[in-house]
Structures are given as structure tokens and as C-alpha cells.
Amino acid sequence: MVRRVLICVLMFCTLQMPAMAATYNPIIVQVKRERCLTGTRAISQILRKENWFRHRYPGQTYEKWVVTSSHFSRQAVEEARVGGITLLDREKLQEWSAGV
């Protein structure tokens, strides 16, 4: 059985940082550690979390990121594209952390 661990769901709330509110959107991050492909379940989870934040903080727009230690399935990539979600797989995360 593949071990699925939700490491964190993070919201960077610009309501607490009014000077930055004009230039930055809050970011909701879903992090998955998986051995096989990360699928549409991760996409659904971040969309549900976005709905929760929209209810809690009305009128706010959010960036949505899903980060995985693996790769994404084709269906997850398609759903993320439609939902405006940024996907970071293992290679993109390594490039991003290296500053490439």
C-alpha cells in the first residue's frame, strides 16, 4: 500500500500583512509525499481547501500550489490546468530550490 501523507496545508494570509496585500495573493499549498503518481485526489483536496478559505475570508483570491515528491498523472495535470493550480513535481521542486 502506498503511504499517503498530508504534510501541510498552508495559507499565507495577506490580511496580516497589509503592506503586501496590494501585490501578493495568499497561497494555499498542498504537499504530498508519494511513491507513485499523484492523482486527481490531491487536486480535489486543494479545491476543497480553497472553498473553505473563501468562506472564511470572503472576497480574497488565492494562488493554489500542489507539491509532490513524485510526478502527476495526466488527469491531475489537466484538472490543475483548468483549476488554475500550479503543480510542482520532484524535478520542478529541485530546479526551484536550486534557483534555476
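**Figure 1. The largest nonpolar core of the chain.** Twelve residues make up the largest nonpolar core: Ile28, Ala42, Ile43, Ile46, Phe53, Tyr62, Val66, Phe72, Ala76, Ala80, Ile85 and Leu87. A nonpolar core is a set of buried Ala, Val, Leu, Ile, Met, Phe, Trp, Tyr and Cys residues joined through side-chain atoms within 4.5 Å. Helix 1, helix 2 and strand 4 (85-88) are the elements that give two or more residues to this core. Helix 1 supplies the largest share, four residues. A second, separate core of five residues includes Ile27, Val29, Val31 and Val67. In soluble globular proteins, nonpolar side chains tend to be buried together. Buried means under 20% relative accessible area, exposed means over 50%, and partly exposed lies in between (1.4 Å probe, protein chains only).

The structure is a predicted model, in which local features need pLDDT of at least 70 and side-chain atom pairs count only at pLDDT 80 or more, whereas totals for chains, interfaces and linings use all residues. Residues are numbered from 1 along each chain as its sequence is written, and side-chain values use heavy atoms, with hydrogens and water left out.

**Figure 2. The chain as a whole and the confidence of its prediction.** The chain has three helices and four strands, which follow one another from the N terminus as β-β-α-β-α-β-α. Helices (H or I, at least four residues) and strands (E, at least two) are DSSP runs, numbered from the N terminus. The mean pLDDT of the chain is 79, and 76% of its residues reach 70 or more; pLDDT is the predictor's confidence in each residue, from 0 to 100. Confidence is highest in helix 2 (residues 74-83), at a mean of 96, and lowest in strand 1 (residues 5-11), at 33. Over residues 1-21 the pLDDT is below 50, and this stretch has 42 contacts in the model beyond near neighbours in sequence. Contact means heavy atoms within 4.5 Å. Of the 100 residues of the chain, 33% count as buried. Among contacts between residues at least 6 apart in sequence, 54% join residues at least 24 apart.

Figure 3. Helix 1 comprises 17 residues (residues 40-56), which should span 24 Å at 1.5 Å a residue; the end C-alpha atoms are 25 Å apart, which agrees. The expected span of a helix is 1.5 Å times one less than its number of residues. Which residues of helix 1 are buried? They are Ala42, Ile43, Gln45, Ile46, Glu50 and Phe53. These residues cover an arc of only 160 degrees around the axis, which puts them on the same side of helix 1; the arc is that of the directions from the helix axis to the C-beta atoms. An α-helix has 3.6 residues a turn, so residues three or four places apart point the same way. The face turned away from the buried side carries the exposed residues Arg41, Arg48, Asn51 and His55.

Figure 4. Glutamate 50 is found in helix 1. Is glutamate 50 buried or exposed? The residue is buried, because its relative accessible area is 7%. Not counting residues up to four places away in sequence, glutamate 50 touches Ile28, Tyr62 and Lys64. Glutamate 50 and valine 29 are 21 residues apart in sequence, and their C-alpha atoms are 9.9 Å apart in space. Glutamine 45 also has its place in helix 1 and counts as buried, at 17% relative accessibility. Beyond residues up to four places away in sequence, glutamine 45 touches Gln30 and Lys32.

Figure 5. Tryptophan 65 lies in strand 3 (residues 63-68). At 22% relative accessibility, tryptophan 65 counts as partly exposed. Leaving aside residues up to four places away in sequence, tryptophan 65 touches Ile27, Ile28, Val29, Gln30, Ile46, Ile85, Thr86 and Leu88. Tryptophan 65 and leucine 88 are 23 residues apart in sequence and 7.4 Å apart in space, C-alpha to C-alpha. Valine 66, a member of the largest nonpolar core, has among its contacts Ala42, Ile43, Phe72 and Leu87.

**Figure 6. Arginine 90 in helix 3.** Arginine 90 is found in helix 3 (residues 90-98). With a relative accessibility of 41%, arginine 90 counts as partly exposed. Residues up to four places away in sequence not being counted, arginine 90 touches Thr68, Ser69 and Ser70. Histidine 71 is 19 residues from arginine 90 in sequence and 6.6 Å from arginine 90 in space, C-alpha to C-alpha.
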